[in-house]
Amino acid sequence: TFFAKYADLLNSENYVTRRQSLRLLGEILLDRNNFHVMTRYINQPVNLKLMMNLLRDNRRAIRNDAFHVFKVFVVNPNKDKEIVKILMKNQTKIIQFLNKFNTEEGDDQLQEDRQLVLEAISNLDKDKEKTESKDKEKIENKEKDLKDLRDLKEGKEAKETVKEKEGGSGAAAASAKVAE
């Protein structure tokens with residue numbers, strides 16, 4: 001797929017290739033016109049893992065660009081349960097990392113974003129509950145639909161049985177009249 005090929009650019013040993021690929025990815029994902037692309041990208045666990053690894057890069061610019069993509073995964077209100085699982089598993093490490101991440105003054109927007117991501121990571125338990133609640137609701141709805149289908153099928157079978165009995169007794173009565 002496109003994203004798999006693009007991951008090769010993000011993993012490039014060449015600094016310029018890696019940096020420009022990350023910046024372009026960030027621009028693509030944050031552009032409202034690419035909402036469907038962003039949604040597909042941020043629901044794939046392999047992409048989250050890639051961004052988490054890029055956050056550990058020894059070059060500050062790469063870390064900053066990776067952070068702008070990573071935040072999209074974290075602040076997404078409709079996270080895939082696998083994404084939530086990965087974030088939950090690494091919650092403590094992510095919080096420790098973010099508490100140290102670019103804490104110096106200067107970039108107010110970055111500090112705001114960092115704080116937003118920290119809050120979202122800290123509230124992952126609520127996301128997990130929300131995801132589990134949605135899953136439970138889906139299961140309950142499917143069970144209700146199955147029950148409705150069974151009831152409908154049983155009702156149809158009952159009507160057919162009644163018709164057969166009515167048709168059968170009518171035929172028996174008609175053959176009784178013929179015998180007289």
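## Overall layout

Starting at the N terminus, the elements of the protein chain go α-α-α-α-α-α-α-α-α. That makes 9 helices and 0 strands, both being DSSP runs numbered from the N terminus (helices are H or I, at least four residues; strands are E, at least two). This is a predicted model, where local features need pLDDT of at least 70, side-chain atom pairs count only at pLDDT 80 or more, and totals for chains, interfaces and linings use all residues. Residues are numbered from 1 along each chain as its sequence is written, and side-chain values use heavy atoms, with hydrogens and water left out.

Take the contacts (heavy atoms within 4.5 Å) between residues at least 6 apart in sequence: 65% of them join residues at least 24 apart.

## Helix α4 and its cover

Helix α4 spans residues 45-54, and its buried residues are Asn47, Leu48, Leu50, Met51, Met52 and Leu54. The cover over these buried residues includes α1 (2-10), α2 (15-30), α3 (35-42), α5 (60-75), α6 (81-89) and α7 (91-100).

## Lysine 49

Lysine 49 also sits in helix α4, but this residue is partly exposed, because its relative accessible area is 46%.

Terms used: Buried means under 20% relative accessible area, exposed over 50%, partly exposed in between (1.4 Å probe, protein chains only).
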